[in-house]
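Here is a short briefing to read alongside the sequence and the 3D view. Keep the viewer open and follow the residues as they come up.

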Amino acid sequence: MVFDLDMIKATYKAMPGRIAKARKVVGKPLTLAEKILYSHLHSEQKLENFGRGKSYVDFAPDRVAMQDATAQMALLQFMSAGKPKVAVPSTVHCDHLITAKVGAADDLSFANTESKEVFDFLSSVSTKYGLGFWKPGAGIIHQVVLENYAFPGGMMIGTDSHTVNAGGLGMVAIGVGGADAVDVMAGMAWELKFPKLIGIKLTGKLNGWTSAKDVILKVAGILTVKGGTGAIVEYFGEGATSMSCTGKGTICNMGAEIGATTSTFGYDESMSRYLVATGRAEVAKMADKIKKDLTGDPEVYANPEKYFDQVIEINLSELEPHLNGPFTPDLATPISKLKEEAAKNGWPTKVEVGLIGSCTNSSYEDIARAASLARQVSAKGLKTKALFTITPGSEQVRYTIERDGFIETFDKIGAKVFANACGPCIGMWARVGAERKEKNTIVHSFNRNFQSRNDGNPNTYAFVGSPELVTALAIAGDLNFNPLTDYLTNEQGEQVKLDPPTGDELPKKGFDVKDPGFIAPAKDGSKVSVKVSPDSDRLQLLEPFAPWEGTDLKALRLLIKAKGKCTTDHISMAGKWLKYRGHLDNISNNLLIGATNFFNEKINSVKNGLTGEHDEVPKVQRSYKAKGIGSIVVGDENYGEGSSREHAAMEPRFLGVRAILVKSFARIHETNLKKQGMLALTFANKDDYNKILEDDRIDINGLTTFSPDKPLTLTLNHMDGKKDIITVNHTYNASQIEWFKAGSALNKMGSAPAKKAAPAAKKPAPAKKAVAKKPAPAKKATTKKVVKKAAPKKVVKKAVKKALAKKVVKKSAPKKVVKKAAKPAKKSVKKVAKKKKK
Ligand code: MIC
Ligand code: SF4
């Protein structure tokens with residue numbers, strides 16, 4: 001079955017015309033990324049030649065995907081938006097909440113009990129609001145999307161940074177926070193700064209031990225974890241067309257690790273083959289008809305320097321297998337240099353565990369190639385030295401590889417097959433002995449290797465490599481082993497060499513699956529009730545954040561000045577904390593517990609300015625909150641790198657942090673902060689980081705005239721009575737400033753949705769119609785009340801919960817009204833109320 005075929009047809013019908021128009025306006029041949037972006041402009045967005053890295057543009061993505069750990073917060077927010085149904089095809093995937101311990105079946109049944117409340121919540125919300133639901137065990141979101149939903153030339157967003165995986169099938173697929181997903185599901189435009197474009201030309205052909213993974217490992221080494229920030233990476237050239245579609249998926253997947261907005265490849269035969277193999281021949285046929293529009297213009301690929309902001313060329317024929325790490329995915333070491341680097345850096349060389357699979361690398365091809373090595377273990381009289389695990393990406397892949405004998409092959413080398421889920425990749429790994437915190441090495445084919453990520457042990461040195469290399473290193477049990485050149489001693493004492501991996505790109509007998517794990521939503525979800533128990537420690541309904549008080553912020557405490565890498569894993573840890581992803585109060589107890597305090601170099605130990613004592617970060621912040629004292633967090637470069645989890649923005653917001661001031665931000669995190677009504681600021685002069693002292697009381701000035709492109713200033717009131725005044729930059733545009741003023745984007749949505757109420761022209765608008773016919777239930781409060789009650793928090797709360805539904809009925813309230821409504825929060829509510837009266 002092909003999901004959402006009508007939507008794909010409509011997209012393809014409109015694309016050629018839109019692209020032709022865009023080409024005229026832009027006045028030059030177009031890259032694929034531009035074609036997809038320009039053909040997905042929101043219906044109210046004027047077509048113009050957008051400034052790359054400058055213009056904020058409104059888009060209308062084709063679909064939304066969410067995984068269980070982020071979907072909870074996204075859907076809690078969607079529920080407060082008061083819509084009866086999602087406006088674009090959307091899906092929920094249960095994959096993050098399954099702990100890998102014993103093996104697939106037991107682990108799954110344990111998760112189904114342990115997280116029953118959350119899975120029930122997600123499935124009832126899905127059925128009520130019209131979302132497709134993939135139950136636990138169905139697979140990892142990005143693999144399931146690639147197999148079922150991705151289509152060349154499409155545009156999607158997903159509440160997970162690795163949504164970018166779908167670029168392997170020629171999409172522009174972007175990871176976002178839940179609040180962005182809510183915009184799109186509510187039928188509103190989705191805003192993105194028009195990205196810059198990086199072109200990567202692939203020449204030659206992959207061969208021997210080198211695989212698609214090595215392309216991105218190499219690219220990560222070149223561009224580093226921030227090199228792709230604000231850019232779309234477009235791959236092209238003979239090397240691109242000669243590799244498999246799933247290989248392309250791997251490359252795009254790990255584009256998240258270089259901070260890229262997304263990565264993509266032009267439509268080619270490998271994609272057509274993959275579509276056919278996954279039951280979507282119809283989509284392939286449609287894509288074939290407009291294939292010129294589904295790849296970059298020939299002039300672009302002939303002279304890439306003229307059309308991309310940056311061009312990199314990689315010759316696949318010469319590319320070596322790489323292993324990246326430890327602790328950061330951009331520390332790239334070619335296998336021939338690994339021994340030397342390990343010795344130089346004191347990396348433990350005994351490989352304890354090799355883990356393959358994950359959303360990044362669990363295609364049929366990956367597993368087949370890894371199995372070709374596992375088969376050599378018995379054939380060559382070897383014994384696998386390290387533990388070995390597999391987490392298949394989907395039930396379809398698992399079922400097929402079992403049918404084709406690969407699982408049996410892995411069984412023979414003592415492998416453990418975990419559930420089709422994230423498991424060890426996201427720290428849901430009950431690794432025996434991890435609590436001893438011993439220094440040790442693991443190798444995996446996942447994408448991230450931040451400290452503590454996989455097993456919670458900060459002393460685990462995790463290295464990322466292709467599934468083939470991981471398998472070889474697990475067999476050898478030695479990080480110094482280079483399978484291209486080195487021999488192993490077998491059980492008989494003979495010297496043997498592993499043959500290079502081989503494997504089919506796609507199953508000869510086709511894919512197969514008994515129960516893919518999909519549950520379609522109810523035709524009419526209006527009767528479905530969603531229950532959230534007030535006593536639950538897993539789920540908590542959201543209360544709107546208070547709007548800005550209308551003044552500058554004075555005498556903020558410094559909560560922490562974080563030193564060095566501060567990823568979303570440091571800000572809001574995963575692992576055991578994943579279980580609180582639907583409960584803002586509870587998960588806030590992990591706020592910044594992984595970050596290093598600049599002043600004492602300790603993790604989770606900051607000075608409480610009220611007592612002078614050191615304590616855990618969340619505790620200190622809660623004590624400020626209790627006294628109504630605001631605070632500020634200071635950070636280093638690429639703050640918030642990594643995941644899309646908006647908890648990393650909501651937690652500080654919830655606990656009363658007012659601003660995050662850093663040297664630079666990762667894209668998704670910066671947007672998440674803005675959406676949640678926080679101030680996301682950067683040092684105009686990075687050295688001013690050094691001026692921030694532990695006991696400073698900090699003022700943020702200029703908020704009453706907060707406007708785009710106008711820096712703010714901070715007064716650092718030092719303990720000794722001296723002051724420093726520093727300039728800080730921001731990237732807020734006018735509407736984002738309104739989010740700040742309203743307290744959050746969601747509050748703003750409640751008070752002034754007019755501008756963006758109309759969904760893209762090509763999409764049917766079920767939400768709008770339904771609202772028009774059937775007013776949302778919670779809407780009884782009179783206009784009067786809303787206007788009268790000036791207490792900001794309550795007003796906004798009412799505006800969000802109650803004013804919404806009616807407003808949406810009005811088709812296109814003129815832009816002017818929005819502008820007026822965009823004044824201080826109180827007034828905007830008034831405007832809304834007035835408008836409602838009419
Ligand atoms: C990850 O890989 O870190 C995650 C878990 O998939 C996250 C999402 C999350 O934090 O829930 C991501 O990449 O966005
Ligand atoms: Fe899951 Fe890991 Fe993929 Fe994130 S990167 S979706 S945690 S498998």
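Which helices each supply at least two residues of the lining of the largest pocket? They are helix H4 (104-114) and helix H20 (568-571). Please bear in mind that this is a predicted model.

**The largest pocket**
- The volume of the largest pocket is about 1100 Å³, and 40 residues line it.
- If you want to find its centre in the viewer, look for Ser452, Asp455, Gly456, Gly575 and Lys576, which are the closest lining residues to that point.
- Helix H4 gives the most to this lining, with three residues.
- Sorted by class, the lining has 16 nonpolar, 13 charged and 11 polar residues.

- Rolling a probe the size of a water molecule over the atoms shows where empty space is left.
- Searching the whole structure turns up 13 cavities of 30 Å³ or more.
- The largest cavity has a volume of about 210 Å³; of its 22 lining residues, His96, Asp160, His162, Ile426 and Arg453 are the closest to the centre.
- This cavity's lining is made up of 11 polar, six nonpolar and five charged residues.
- The largest cavity is also the space taken by ligand 2.
- Around ligand 2 you will find His96, Ile140, His142, Asp160, His162, Ser358, Cys359, Cys422, Cys425, Ile426, Asn447 and Arg453.
- That shell divides into five nonpolar, five polar and two charged residues.

**Salt bridges**
- The count for the model comes to 37 salt bridges.
- Glu34 and Lys28 pair through their side chains, with an N to O distance of 3.1 Å.
- Glu34 is buried, because its relative accessible area is 3% and the cut-off for buried is under 20%.
- Lys28 and Glu34 also belong to a network of salt bridges that links them with Arg52 and Asp309.
- Lys248 and Asp268 form another salt bridge, at 2.8 Å from N to O.
- Lys248 lies in helix H10 (residues 245-253) and Asp268 in the loop between strand S10 (262-265) and helix H11 (269-277), so this pair ties together parts that are 20 residues apart in sequence.
- Both Lys248 and Asp268 are buried.
- Lys344 bridges to Glu341, with their closest N and O atoms 3.1 Å apart.
- Lys344 and Glu341 are separated by about one helical turn, because they are three residues apart in helix H15 (residues 338-345).
- Lys344 is exposed, with a relative accessible area of 60%.

Methods: Residues numbered from 1 in each chain as written. Chains lettered and ligands numbered in written order. Predicted model: local features only at pLDDT ≥ 70, side-chain atom pairs only at ≥ 80, totals over all residues. Heavy atoms only, no water. 1 Å grid on protein atoms, 1.4 Å probe; cavity = no way out; pocket = protein on both sides within 12 Å on 5 of 7 lines; lining within 4 Å. Points joined across faces, edges and corners; volume = space filled by probe spheres on them. Helix = DSSP H or I, 4+ residues; strand = E, 2+ residues; numbered from the N terminus. Nonpolar A, V, L, I, M, F, W, Y, C, P; charged D, E, K, R; others polar. Near = heavy atom within 4 Å. Sits in = over half its atoms within 2 Å of the grid points. Salt bridge = Lys/Arg side-chain N within 4 Å of Asp/Glu carboxyl O. Buried < 20%, exposed > 50% of the residue type's maximum accessible area, 1.4 Å probe, protein only.
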